[in-house]
Amino acid sequence: MTSLPPSGFLGHLASSDRRALLGEGVEERFPPRATLCFQGEPGTSVMLILSGTAKAGRTLADGTPTLMGLCGAGDIVGEISAIAGEDSPRLATVTAVDEVTCRVLAASGFRRVLDARPRIYRALAAVAHDRLRRAADKEALQAAHSVTCRTARMLRELAVRNGREQPQGVLITLALSQLDLALLIGASREAVVRALAGLRSGGIITTRRRQIVVRDLGGLTHRCACR
């Protein structure tokens, strides 16, 4: 079985509850840029991410795209509409950033396990709390900090979570676009381009297409404190 981190939904579960959920459904692999589920479609399944990273995006009623966040190993996708009922539409489109492996459960099977093991609801509550906290933090950062500061914070988080040490520095292994970064921090793409240019000129990062190397993690951390 894939090794799971102590965080995320699966990390909140007792081992017996985790085994019960992972015993349901089938394992599926999604290549980069493949769609795991679409906003608005019926919630007929739940996905437990075993490896890889996906992004959850939502299009507002006026057509504005938003990016709600990133999902990684141990996270759960599609549980809200599955619990609400299979006619309930999904709230977001989830797309693989790199290769993603999931355990895909039918919504009915997921609910059956929940009915048999109600303490799993506590783990779902912890996930909901974490998502609300992240949304509140994002809103507070938008109000109080510059785009450069928010970009630096996001790059530091990605370097810690998805970084690989190289002679030149820490390579952020996720192939996120400038628009992805902008949506993650609630800024325009143009503002993020300017922020990245400033970090490059300061010798803190180097960039190529969908690739960022953090050359000076201490300098990046210092930029996180700027307003």
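A: What follows goes from the chain as a whole to the boundary between its domains, and then to the salt bridges.

The model is predicted, and the values below were computed from it. The secondary structure of the chain comes to nine helices and 12 strands. Its radius of gyration is 18 Å, close to the 17 Å that the globule rule gives for 227 residues, so the chain is as compact as a globular protein of that length. Taken along the principal axes, the C-alpha atoms fill a box of roughly 55 × 40 × 30 Å.

Within this chain, the domain assignment gives domain 1 as residues 9-141 and domain 2 as residues 145-223, and the centres of domain 1 and domain 2, taken over C-alpha atoms, are separated by 26 Å. Where domain 1 and domain 2 touch, 12 residues from domain 1 and 15 residues from domain 2 take part in the contact. Between them the two domains bury about 1,200 Å², and 62% of this area is on carbon and sulfur atoms. On the side of domain 1, the residues that lose the most area to domain 2 are Leu67, Leu70 and Leu141, which together account for 47% of what that side buries.

Sorted by class, the side of domain 1 that touches domain 2 has five nonpolar, three polar and four charged residues.

As for salt bridges, the rule finds two across the interface of domain 1 and domain 2. The side chains of Arg134 and Glu157 meet in a salt bridge, with a distance of 3.4 Å from N to O; Arg134 falls within the bounds of domain 1, and Glu157 within those of domain 2.

For the structure overall, the count by this rule comes to 12 salt bridges. One of them is formed by Arg112 with Glu24, the closest N and O atoms being 3.2 Å apart. Arg112 lies in helix α4 (residues 107-116), whereas Glu24 lies in the loop between α2 (15-22) and β1 (26-30), so this pair ties together parts that are 88 residues apart in sequence.

Conventions: Residues numbered from 1 in each chain as written. Predicted model: local features only at pLDDT ≥ 70, side-chain atom pairs only at ≥ 80, totals over all residues. Heavy atoms only, no water. Domains from an automatic or database assignment. Contact = heavy atoms within 4.5 Å. Buried area = accessible area lost by both parts, 1.4 Å probe. Salt bridge = Lys/Arg side-chain N within 4 Å of Asp/Glu carboxyl O. Nonpolar A, V, L, I, M, F, W, Y, C, P; charged D, E, K, R; others polar. Helix = DSSP H or I, 4+ residues; strand = E, 2+ residues; numbered from the N terminus. Rg over C-alpha atoms; globule rule 2.2 N^0.38 Å.
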